[in-house]
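Trainee: I have a model open and would like to talk it through with you. Shall we take it piece by piece?

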Amino acid sequence: MTDSSPTPSAVNAVPAKQQQLIQTAFALFYRDSIHGVGINQILQEAGIAKKTLYHHFASKDELVLAVLAYRDEVFFNWLEQRIRNASSTEDTVQHWFSALDDWFHNRVAELQEFRGCFFMHSAAEFTDPAHPVHQHCAQHKTRLVSMLSKHLGQWLDSRKAKKLADDLCLLKEGAIVCAQVQGNKKAARQAALIAQGLLITAH
């Protein structure tokens with residue numbers, strides 16, 4: 001799948017009113033679900049006129065896609081920054097799950113209060129794999145694997161780096177579900193311990 005997410009400069013270049021709509025919509029969608037939030041509620045929360053909304057977005061689906069692109073960039077940049085300075089495969093694993101642990105415990109202001117994975121929630125609301133919203137959610141997951149695989153490629157060959165990245169992302173997804181659905185805020189630390197076993201066969 002093609003990565004259609006905007007670059008950081010593209011996000012920063014979004015007009016102020018448009019960005020305000022996107023950020024307000026994200027907060028509401030993340031809290032109450034996409035289908036559970038109407039356009040009028042977004043406009044009221046953002047303090048923006050309907051005419052302004054439709055100047056930027058032809059439909060609610062277009063707004064949803066913009067919100068996904070926004071969250072994708074914020075989440076990707078945060079997680080990439082957290083592993084950027086890792087000095088080994090083992091160090092990367094610790095940084096990866098330490099970042100998740102901070103998120104689960106609401107220590108990451110830019111991600112807002114932890115309510116699980118916005119992309120999992122959105123894909124569950126748009127279940128058709130051909131729908132642009134579902135596809136964007138899948139692209140987000142693929143993008144994270146690629147980022148982690150590239151980082152691990154500093155110490156592993158490409159095949160092993162991709163395999164370990166896939167496994168670590170699988171553990172990440174499970175930890176997110178356990179933290180949200182079961183309230184197990186120690187899930188990231190548990191996943192980190194499981195990941196130690198993967199490192200034995202990674203090299």
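Trainee: How far apart do the end C-alpha atoms of residues 15-75 lie?

Mentor: Good place to begin, and keep in mind that this is a predicted model. The UniProt record, an unreviewed entry, annotates residues 15-75 as "domain: HTH tetR-type". The span is 79% helix and 0% strand. Its end C-alpha atoms lie 21 Å apart.

Trainee: Are helices α5 and α7 roughly parallel or roughly antiparallel to each other?

Mentor: Look at α5, residues 60-83, and α7, residues 118-125: they pack with their axes 11 Å apart, at an angle of about 155 degrees. Angles over 145 degrees count as roughly antiparallel. The two helices, α5 and α7, are therefore roughly antiparallel.

Trainee: Is alanine 202 buried or exposed?

Mentor: Alanine 202 sits in helix α10, which covers residues 187-202. Its relative accessibility is 5%, and the cut-off for buried is under 20%. Alanine 202 therefore counts as buried.

Trainee: Which residues does alanine 202 touch, not counting residues up to four places away in sequence?

Mentor: Aspartate 128 is 74 residues away along the chain, and its C-alpha atom is separated from that of alanine 202 by 35 Å. The residues that alanine 202 touches, with that exclusion, are Leu156, Lys160 and Leu164.

Methods
Residues numbered from 1 in each chain as written. Predicted model: local features only at pLDDT ≥ 70, side-chain atom pairs only at ≥ 80, totals over all residues. Heavy atoms only, no water. UniProt positions renumbered as here; feature names shortened; annotations may be inferred. Helix = DSSP H or I, 4+ residues; strand = E, 2+ residues; numbered from the N terminus. Axes fitted to C-alpha atoms, helices over the stretch in contact; angles between N-to-C directions. Parallel < 35°, antiparallel > 145°, perpendicular 65-115°, else oblique. Buried < 20%, exposed > 50% of the residue type's maximum accessible area, 1.4 Å probe, protein only. Contact = heavy atoms within 4.5 Å.
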